[in-house]
Amino acid sequence: MTARERIAGNVANYVDERTGAAKWMKKNLTKVFPDHWSFLLGEIALYSFIILLLSGTFLTFWFDPSQREVIYEGSYEPLEGLKMSAAYASTLHISFEVRGGLLMRQIHHWAALIFMAAIVVHLMRVYFTGAFRKPREFNWIIGVGLLTLGIVEGFLGYSLPDDLLSGTGIRIAEAIIQALPVVGSYLAFFAFGGAFPGEAFIPRIYTVHVLLLPGAFLALITVHLMLVWYQKHTQYPGPGRTEKNVVGYPLLPVYMAKAGGFFFIVFGVTAFLGAVASINPIWLYGPYTPGQISAGSQPDWYMGWLDGLVRMSPPLETHAFGHTISWNILIPGLIVPGILFTGMALYPFIESWITGDKREHHLLDRPRNAPNRTALGVMSLTFMLVALINGGNDIIATTFHLTINQIMWFSRISIFVLPPLAFVITKRLCLSLQRADRELVLHGRETGRLVMMPHGEFVEVHEPISPEKAWLLTQHEQNPPLALEEFDASGVRRPKALKNRLRARLSKAHAVAVPKVSADDLKEIEHH
Amino acid sequence: MSKEIEAIKDPGLPAHVHRRTDTDPKAAQRAERQVAILFLLSALGTVLLIGSYIFIPQDVFIFLPILGNTNAHQLFLGLGMAASLFFIGMGAIHWAKTLMPDEEVVIQRHEFRSPDEDRAEFVKAAKDGAAAAGLGRRSLIKRTLGLALGLAGLSPIILLRDLGPLPGDELSKTSWKKGTRLVTDPGDRPIRPEDLEVGAVAQTLPQLAPGAKRTLADIGKDAVLLIRLRPEEFNLDAERLSWTHEGIIAFSKICSHMGCAVALYEQQTKHLLCPCHQSTFDVTRAAKVIFGPAARPLPQLAITVDSEGYLVAQNPFNEPVGPSFWERSS
Amino acid sequence: MLALFSIGTTFSVAGAATSSPLTAAEKSALIEEGKQLFLKGCSSCHGLNAEGGAVAPSLIGVGAASVDFQVATGRMPMADMSVQAMRKKPVYNEKQVEALAAYVASLAPGPQIPGEELLNYERDGSTAEGGELFRTNCAMCHNFAAQGGALTQGKYAPTLMGVEPRHIYEAMITGPQSMPVFSDKTITPEEKLSIIKWIKSAESEPQLGGAALGRVGPVTEGLLVWTLGLGLLVGVAVWLAMKAR
């Protein structure tokens, strides 16, 4: 035994005698993770979160979350002598006097945008592959929670510097709070410590942004990861992969190196963006005052869809019995997003209700093999995209020589027309792809080589696909729709018959598929 | 499960294909060198980071394509940092891909469901424990426990009361009173009608009492936009017309939709556009909404001139300014 | 239609002279030259006596400043009957613009071209004050960094980058097309100079944080994340999971 081994042994012994660590370390160091690039999307979000914690902590050493009025005495001349809040002045100080300050501010903000984008692409991967099915429903709900909290955290974060653009965003948030029936004006005055903008809001959201929400994130992310760890990661179907195994690489050394290395990649790319691309140039926006506004004011991209929904809303307000309800604010700002996100959170249960499938699933679906689910996902994305585009309608108008009026009308109509259209097109696309798979299995791959038959006919030579590929294209399940009869054997009507009829209808639509290749099919073509 | 016979069988894990670095020691050495170079690039990045921090002054700018005239200190600090991090990652990943074992490992999943005996024991322990607590029998304890916990849990809400004042009639009042002069924003200069040409706009605020301070909250209610048209261009009823003066009309600048500043005046069309959500208001018809999500026109401030010829408010606003709220009756 | 009528007495003028004052004879020659240019290139829309017509407003009382702004920035003559006249390469040279301006100014009193002495914004303006004035009076149309912004029905407030100080001043006092007029009493000449000084400072300001991405805010920032940001990261992820050869 070398000296190094002896010392290592002593240390390990010391720790193990006090914690029993050897047992779980051994179990976890050899844990196996399947390897696919799409499994790294969640990691981008996780690492961005760590980058946010690190860069954010740096910023807190100089940021002053106070709305107390100060006169600017820093080095940025175009703001010299102007009145502004201490929050804005300290952000200018970070940007111009603290070395590395602007870099860290930019890294922090780019990391936030990447964090949200990564969550969205990760969500899309999990959704389209059906990874949210049992036993992972809780993790899905936690994920939707992380998405929602991320939107709030980002909004609060870029509002801290109290600049003209983010202050406008806060004004709009206050209008949403104020619009709530019965309690709106009270909640608004409590949140802001009085009339808008007041002097209490920024210090309060600072506490939420650096303490409460990060704490919530840490807790939720920990549970999210522990569930993945304990339940083991899902894997794509393929040769040798079953519902009962995990095929991949062990944590030590491969996964540690790859995943650990990827953390440095994400950090490096974020730092690169922070170095070369300007973000949130608050010195150009100026300090916030309610009497000013800039053309082309938008929230950060992950709230752009909310802005777009509010912009396209019809001017609906009801006045009755001395009270006002602003539907033009409540519907696009709270009700529609609430319905969407609730539906998103509950989707695993909705799908299992439709299919009646209560089994565990550890093999992922190829999106084409779940046409209804895939089509629904594309439909939702289309909805979000139309809303997002409308959020930037003024900038799109000036860039592409359109009018804001045209874009607004386009959005109002297409938000209803395009999503169902996207559903139909996507479902058909999936079924076409299933058909193409079937052809591939039955007839093999087209090689492009033409051969002339003795009697003069030209045929293209087809090469049979490999057994691995054939397995991949046929391993999926094709479950029949639920059979729920309205009347049972004795002629007694099943209770809740209407609900069952809806369920049966949905189940039938959900099960539409191109039948995969069977043994009979293969026997048939053998005779060609 | 499909009713059809499983026609195609799982061929099992494909045979392992060795990498060049597995079979050829020279390739392995090359890979090792590549990893080393990547790590060294990272070290160079760190050197650039430290050097930039210490040696590049903060006011030096260099010209680069795409970036333009950019701050050198910030750029090289950031590039150094980016390189120092990125290449550690590249090195580690390349090392794992080329040199670490890449034979796939297969492990079995375990069933989550606990064995039946464990479940039974859990149920028994839970039931026995609950029975021992006696809540089922001792309903007096149960009810008073519920009362105590409930009250203790909810009561801290009362500690939040001082988060803010009650709104009262704050949302319905502004600083504008009968005779308040309109002054320029910024500058605080009073305005005469002759100061404005036809087609002109002015950002205004109410004149402050001597010694008084104006807060942002005041601006958020009091900001008023003055616009001068020709009197025949108005399309107003007699009352609203009487709120104008020689073609000058005044509106609250705070959007009736969600509170952004509405000051985008299109001189030719006489429309006001709010840049936040594109609500469009027709100035000739008392800021009636003609496009966009705003549901109410901008409140109009009745103006006239005082004895010295300066523009003043005739009266306070006849309705609350800014976004709607529950207690707003119209 | 444009309503560039002015109440003639309210303009504060600091002298219409450009370089050196003209004699009476030179002046009337200039006006005559301007009239000829006008009849040839402008009267078809603006009327033989500049009284206006179906497609163009009257120019009586718009002043030399309006002409200098519209013609020297190339907006006039308008190339096509679109929603708004765009800045483009001017058709007339400096001397011709001067002549046109003199002719239109001779029709009725109106805003005059600001002289060099008036336009000394470096000396007489304050950048910081100009920024505050800009954000209160201009940013809602022209955007916080003077990059321009959308108006209704396809109209737009153009970018102010690369605009001559004289033209910025003239735009403020004449209120071209959709732009309102900013009277000298509500924004004093000194304040106007401060605004110009701030615009010039923003124009020449180097990139303090890196590529400016158009200075239009979060829209282009979000685009960059979804293209370059995620592109780089997903690219590395794909490479990471690929089996080495």
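Over how many bridges do E1(A) and strand E4 (residues 245-250) of chain A pair, and is the sense parallel or antiparallel? The two strands pair in the antiparallel sense, over two bridges. The model described here is predicted.

**Chain A overall**

- Chain A contains 19 helices and eight strands.
- The C-alpha trace of chain A spans about 90 × 80 × 65 Å along its principal axes.
- Chain A has 528 residues, and 48% of them count as buried.
- Among the contacts in chain A with a separation of 6 or more, 72% are between residues 24 or more positions apart.

**The sheet with strands from chains A and B**

- Three strands form an open sheet in the order E1(A)-E4(A)-E3(B), and the pairing is antiparallel.
- Strand E1 (32-33) of chain A and strand E3 (105-108) of chain B are the edge strands, each pairing on one side only.
- A:Val32 has A:Pro250, in E4(A), as its bridge partner.
- H10(A) packs on this sheet and touches E1 and E4 of chain A. The direction of H10(A) makes about 75 degrees with that of E4(A).

**Where chain A meets chain C**

- On the chain A side, 53 residues are in contact with 49 residues of chain C.
- Several helices of chain A each supply at least two residues of the side that touches chain C, including helix H5 (101-128), helix H7 (164-179), helix H12 (301-312) and helix H16 (404-443).
- H10(A) gives the most to this side of chain A, with eight residues.
- By class, the side of chain A that touches chain C has 32 nonpolar residues, 15 polar residues and six charged residues.

- Chain C is divided into domain 1 (8-204) and domain 2 (209-245).
- The centres of domain 1 and domain 2 of chain C, taken over C-alpha atoms, are 43 Å apart.
- Helix H9 (residues 189-204) of chain C has 16 residues, so at 1.5 Å a residue it should span 22 Å. The end C-alpha atoms of this helix are 23 Å apart, which agrees.
- The buried residues of H9(C) include C:Leu193, C:Ile195, C:Ile196, C:Trp198 and C:Ile199, and also C:Glu191 and C:Lys192.
- Helix H5 (121-124), helix H6 (127-137) and helix H8 (165-174) of chain C are included in what covers the buried residues of H9(C).

Note on methods: Residues numbered from 1 in each chain as written. Chains lettered and ligands numbered in written order. Predicted model: local features only at pLDDT ≥ 70, side-chain atom pairs only at ≥ 80, totals over all residues. Contact = placed C-beta atoms within 7 Å. Helix = DSSP H or I, 4+ residues; strand = E, 2+ residues; numbered from the N terminus. Nonpolar A, V, L, I, M, F, W, Y, C, P; charged D, E, K, R; others polar. Buried ≥ 20, exposed ≤ 12 C-beta atoms within 10 Å, placed from the backbone. Domains from an automatic or database assignment. Pairing = 2+ DSSP bridges. Axes fitted to C-alpha atoms, helices over the stretch in contact; angles between N-to-C directions. Expected span 1.5 Å × (residues − 1).
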